[in-house]
Protein chains: 2
Amino acid sequence: MLINVPETVVADALRGMAAAHPGLTVDVENRVIVRRDAPVAGKVALVSGGGSGHEPLHGGFVGPGMLSAACPGEVFTSPVPDQMVRAAAAVDSGAGVLFVVKNYTGDVLNFDMAAELAEDEGIQVAKVLVDDDVAVSDSLYTAGRRGTGATLFVEKIAGAAAEEGQPLERVEAVARRVNGSSRSFGVALGACTTPAKGSPTFDLPAGELELGIGIHGEPGRERRPMMTAGEIAEAAVDAILADLRPNNPVLLLVNGMGATPLLELYGFHAEVQRVLAERGVAVARVLVGNYVTSLDMAGASVTLCEADEELLRLWDAPVSTPALRWGM
Amino acid sequence: MLINVPETVVADALRGMAAAHPGLTVDVENRVIVRRDAPVAGKVALVSGGGSGHEPLHGGFVGPGMLSAACPGEVFTSPVPDQMVRAAAAVDSGAGVLFVVKNYTGDVLNFDMAAELAEDEGIQVAKVLVDDDVAVSDSLYTAGRRGTGATLFVEKIAGAAAEEGQPLERVEAVARRVNGSSRSFGVALGACTTPAKGSPTFDLPAGELELGIGIHGEPGRERRPMMTAGEIAEAAVDAILADLRPNNPVLLLVNGMGATPLLELYGFHAEVQRVLAERGVAVARVLVGNYVTSLDMAGASVTLCEADEELLRLWDAPVSTPALRWGM
C-alpha cells in the first residue's frame with residue numbers, strides 16, 4: 001500500500017485534499033471538509049459522511065451545488081457525532097441542515113446522536129437515509145438495505161435544490177424521493193485490502209466473483225465462477241428491475257469499485273446499456289467512473305434512479321466539486 | 001476481469017464511451033474518437049493516440065480546449081497509421097493538425113507514416129514527441145525516454161493554444177516547450193493484468209516495489225522492499241529534480257496507475273507537497289487522480305511542469321472533456 005503507517009492514513013489523505021482543492025476548507029485534526037464559502041446565506045446546507053475508503057465519496061462531493069460538508073471516519077468506520085456537529089455548525093446559515101446518511105448501523109446511530117446535539121445548539125436538522133442496494137435485505141453492517149451508489153444521486157440532486165434556495169422540508173423531500181426512486185447492485189471480482197489489516201479483507205479466489213457485494217466487501221447473494229461483462233450486466237440490471245420498474249427515463253451510474261480499469265468499466269457500461277435497451281428502460285443521463293469505491297476492490301456497481309423532469313433539472317444544475325463538475 | 005472476451009475489449013469500451021459522452025463522436029469500427037463539433041473553423045486540431053489501457057488518456061481528453069481526436073490501439077499496442085489519418089481528416093479545418101506522440105517505438109513509426117499520408121492528402125501536419133520519464137534513458141519499448149504523465153500537460157496546454165486560435169507553428173512550439181519543461185517518475189506496488197494474458201504481466205512480489213516503472217510495467221531503476229509514502233515521494237521528486245531544477249512554480253500531477261485507492265493517492269500527494277516545499281519548489285496548480293493509468297497496476301507517478309505565465313494562463317483556460325473539465 002502507498003501509505004506511511006495505517007494510523008495516519010485518513011489524516012494524510014486530508015492533508016493531501018487540502019493541498020489539492022483550494023475550494024475546500026479542510027480541518028485535518030477534527031476531520032471535517034467544508035466548502036470554502038460556507039455558510040451560504042439563506043440556503044439549506046447538506047452534510048454527509050461515513051467511513052473512509054470510498055473516495056471520492058463524500059469529501060470529493062463537497063462544493064457549490066452538492067455537499068456543504070463531509071465527515072470522514074476511519075477506514076470503513078463511521079465518523080463520530082462530534083465531527084457531524086462541527087460540520088453542521090460550520091455550514092448552517094440559519095436555514096437548516098440536511099444529514100445524508102448511508103444505511104449502516106454505526107452511521108445511523110452517530111448521525112442520530114449528532115442531530116440531537118446540533119438541535120440542542122439551535123441548528124434545525126433533517127435526515128435522509130440512503131438504502132438503495134437490492135442485493136440483500138439485511139447484512140453484516142445494516143438493518144435493512146445498504147446505502148451505496150444512490151448516495152451520489154441524493155447528494156447531487158438535493159444539493160441542487162438547496163443551492164437554488166429551496167427550504168429544508170423541500171430539500172429533505174426531494175432527497176427522500178431520489179432515494180426511493182433509486183436501486184443499486186454491485187459485483188466484486190477481487191477483494192480489497194484495508195491499511196489496518198494489510199491483506200485482503202475477504203477471500204475471493206481468482207476465477208470467481210461475488211454477485212451483490214457490499215461496499216465493504218460484505219457478502220452478497222452468490223459466489224459464482226467468472227461471468228462475462230454481458231452476463232454480469234444482465235444479473236445486475238435484472239436484480240434492480242425486479243425491485244423497481246421505472247416508467248420514466250433513468251439516471252444511470254456505472255461505478256467502478258476501485259481497481260477496475262476504466263477501459264473495462266466502459267465496456268461494462270456498453271453491456272448495461274444493451275440490457276437496459278432490451279428491457280425497455282430509457283436512459284436520460286449517464287455517469288461512468290470511480291465514484292463510490294471500496295479501496296482497491298475490483299468490480300463495479302450499477303445504480304438506476306428513475307427521474308421525472310424535476311429530478312432531471314436538478315441533476316443538470318451546475319455543480320463544482322473535486323469529483324463532479326459541470327456548468328460552472 | 002470485467003470483460004466479454006479479450007478480442008473485443010477495445011471495441012466494447014468504445015461503445016461504452018459513445019453512450020456515455022454525447023460530446024464525442026466515436027467511430028467504433030475504425031477506432032477514432034472525435035469531438036462532436038470538429039472540424040472547428042480556422043482552428044488548429046490536435047490528434048493523439050496510443051495503446052489502450054491508459055484511460056482516460058487519450059479518449060477522455062477529447063473535447064473543447066484539449067484534443068480534437070484520439071486513436072486507441074489494442075491494449076498496450078500502437079494504433080495504426082490509418083486511424084491517425086482518418087482522425088486528421090475528420091478534424092482538420094485547413095489550419096493544420098498537431099500530432100501528440102508519446103515516445104514509444106511503435107507510436108513514433110506509425111505517427112511518422114500517418115503524417116506523410118496525411119500530407120499527401122493536403123493536410124498540414126506538425127508533430128510533438130513526449131518523452132518526460134526520467135527513470136530510464138532507453139527501455140524495452142523506446143529509444144530515449146518514455147512518454148508518460150507530461151502527455152496530459154502537453155495536450156491541455158497545446159489544446160488551449162489551438163482553441164484560442166494560435167497558428168500551427170505556435171501550437172507546436174508551446175507543445176514542445178511544455179514537454180521540455182516536464183519530467184515524470186513512476187513507481188509500481190503491484191503488476192497489471194492485460195486482457196490477452198489474463199495474468200500479471202510482470203512479477204512483483206507483495207512487500208516489494210519497483211522504482212521508475214513504465215506505464216506498461218517496463219522495468220524501472222530498482223526493485224526495493226516496500227517504502228513509506230514519504231520515502232517514495234522523496235525518491236520520485238529527487239529523481240525529477242536531478243534532471244530539471246525549476247525556477248518558476250510548477251504544475252504538479254500526482255497520478256494513480258489504476259488500482260491505487262484515491263485515499264492513498266491523496267496521502268501520497270501530501271508527501272509530494274512536503275518534499276517539494278522542503279526542496280524549495282513552489283507549486284502553482286495541482287491535479288490528483290487517475291489520468292495516465294496502466295490498467296489495474298497499483299502505484300503512482302509524479303509529473304512536474306515548470307510553468308511561466310503563458311503556460312499557466314493556457315493551463316487555466318476552459319476545458320470540457322470527459323476526464324478534465326473546468327470553466328465551461
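Biologist: Which element gives the largest share of the lining of the largest cavity?
Modeller: The model is predicted. About 170 Å³ of space lies in the largest cavity, and 20 residues line it. Both chains contribute, with helix H7 (262-278) of chain A joining helix H1 (9-20), strand S3 (45-52) and strand S4 (69-75) of chain B among the elements that give two or more residues. The largest share, 4 residues, comes from H1(B).

Biologist: Which element gives the largest share of the lining of the second largest cavity?
Modeller: The second largest cavity has a volume of about 140 Å³. Residues closest to its centre include A:Ile33, A:Ser52 and A:Glu55. Two or more lining residues each come from helix H1 (9-20), strand S3 (45-52) and strand S4 (69-75) of chain A, and from helix H7 (262-278) of chain B. The largest share, 4 residues, is from H1(A).

Biologist: How are H2(A) and H3(A) oriented to each other?
Modeller: Helix H2 (residues 81-91) of chain A packs against helix H3 (residues 105-120) of chain A, with axes 8 Å apart. The angle is about 45°. Angles under 35 degrees count as roughly parallel, and 65 to 115 as roughly perpendicular. H2(A) and H3(A) are therefore oblique.

Biologist: How many nonpolar residues are in the contact of H2(A) with H3(A)?
Modeller: H2(A) brings A:Pro81, A:Met84 and A:Val85. By class, the contact has no charged residues, 1 polar and 8 nonpolar.

Terms used
Residues numbered from 1 in each chain as written. Chains lettered and ligands numbered in written order. Predicted model: local features only at pLDDT ≥ 70, side-chain atom pairs only at ≥ 80, totals over all residues. Heavy atoms only, no water. Axes fitted to C-alpha atoms, helices over the stretch in contact; angles between N-to-C directions. Parallel < 35°, antiparallel > 145°, perpendicular 65-115°, else oblique. Contact = heavy atoms within 4.5 Å. Nonpolar A, V, L, I, M, F, W, Y, C, P; charged D, E, K, R; others polar. 1 Å grid on protein atoms, 1.4 Å probe; cavity = no way out; pocket = protein on both sides within 12 Å on 5 of 7 lines; lining within 4 Å. Points joined across faces, edges and corners; volume = space filled by probe spheres on them.
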